[in-house]
Amino acid sequence: MPDIDDLDLDKAGINHEEKGVSVNEYLQSVSNPAVYAAGDAAASGGLQLTPVASMQAQVVADNILEGNHRKPNYLGLPTVCFTVLPLAAVGLGEAEAKKQGLKFKTNNGDTSEWYSSRRVNLKHSAFKVIVEEHTGRILGAHLLGIHAEETINLFALAIRLGLKADDLRGMIYAYPTHASDVAHMLG
């Protein structure tokens with residue numbers, strides 16, 4: 001929850017809601033154009049994560065200094081549940097892809113028998129990667145296992161830059177690393 005209750009926003013004519021200051025696509029207050037909000041203080045639709053707040057702060061600074069020209073870009077935003085074992089995700093899940101009418105292929109599997117898992121005696125690890133059929137674009141990735149919090153960044157980069165599965169498959173990775181498993185996750 002945003003910590004804005006003690007700011008007396010109503011006196012400044014700043015509309016707000018439970019999720020923060022009501023902002024437009026430039027993170028500017030919809031009711032008081034002299035005010036911008038970022039991070040947990042903004043009802044922006046972005047996830048309340050530290051990297052999102054940092055990106056939004058840069059957007060706000062640019063828009064204050066140079067006029068409204070920059071919007072936050074939430075494409076390819078990875079999320080991680082830092083548990084033992086880490087669980088990481090980026091992009092679309094199967095249900096979301098279906099809802100958008102996309103045609104896709106899902107690659108998934110248990111990776112506990114892969115060398116990267118066996119060499120550290122990892123009993124549980126898995127992946128699911130969603131690839132658009134006609135373009136080969138990576139739509140989403142979901143990882144469970146050691147270093148998932150790092151490996152998911154490769155998929156986030158691919159989604160953000162519109163890379164295709166073949167682009168990641170064709171990479172030469174340091175081996176034996178969990179990143180080197182990415183090519184095998186793509187089919």
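Which exposed residues does the face of helix 1 turned away from its buried side carry? Keep that in mind while you load the model, which is a predicted one.

**Stop 1: helix 1.** Select residues 50-66. This helix has 17 residues and reaches 24 Å from its first C-alpha to its last, close to the 24 Å expected at 1.5 Å a residue. Now show side chains. Val52, Met55, Gln56, Val59, Val60 and Asn63 are buried. Look down the axis of helix 1: its buried residues fall within an arc of 140°, so they line one face of the helix. An α-helix has 3.6 residues a turn, so residues three or four places apart point the same way.

Turn to the face away from that buried side. The exposed residues there are Thr50, Pro51, Ile64, Leu65 and Glu66. That settles the opening question.

Step past the end of the helix. Gly67 follows helix 1, and its phi is positive, near 85°.

Stop 2: Select the open sheet of 5 strands, order 4-5-8-7-6, with antiparallel pairing. Strand 4 (79-81) and strand 6 (104-110) are the edges, and each pairs on one side only. On average, neighbouring strands of this sheet are turned by 10° against each other, direction ignored.

Zoom in on strand 5 (residues 87-91) and strand 8 (residues 138-144). They run antiparallel, joined by 5 bridges. Pick Gly91: opposite stands Gly140 in strand 8.

**Stop 3: helix 4.** Select residues 148-161. Helix 4 lies across strand 4, strand 5, strand 7 (126-132) and strand 8. Compare directions: helix 4 runs at about 180° to strand 8.

Conventions
Residues numbered from 1 in each chain as written. Predicted model: local features only at pLDDT ≥ 70, side-chain atom pairs only at ≥ 80, totals over all residues. Heavy atoms only, no water. Pairing = 2+ DSSP bridges. Helix = DSSP H or I, 4+ residues; strand = E, 2+ residues; numbered from the N terminus. Axes fitted to C-alpha atoms, helices over the stretch in contact; angles between N-to-C directions. Contact = heavy atoms within 4.5 Å. Expected span 1.5 Å × (residues − 1). Buried < 20%, exposed > 50% of the residue type's maximum accessible area, 1.4 Å probe, protein only. Arc of directions from axis to C-beta.
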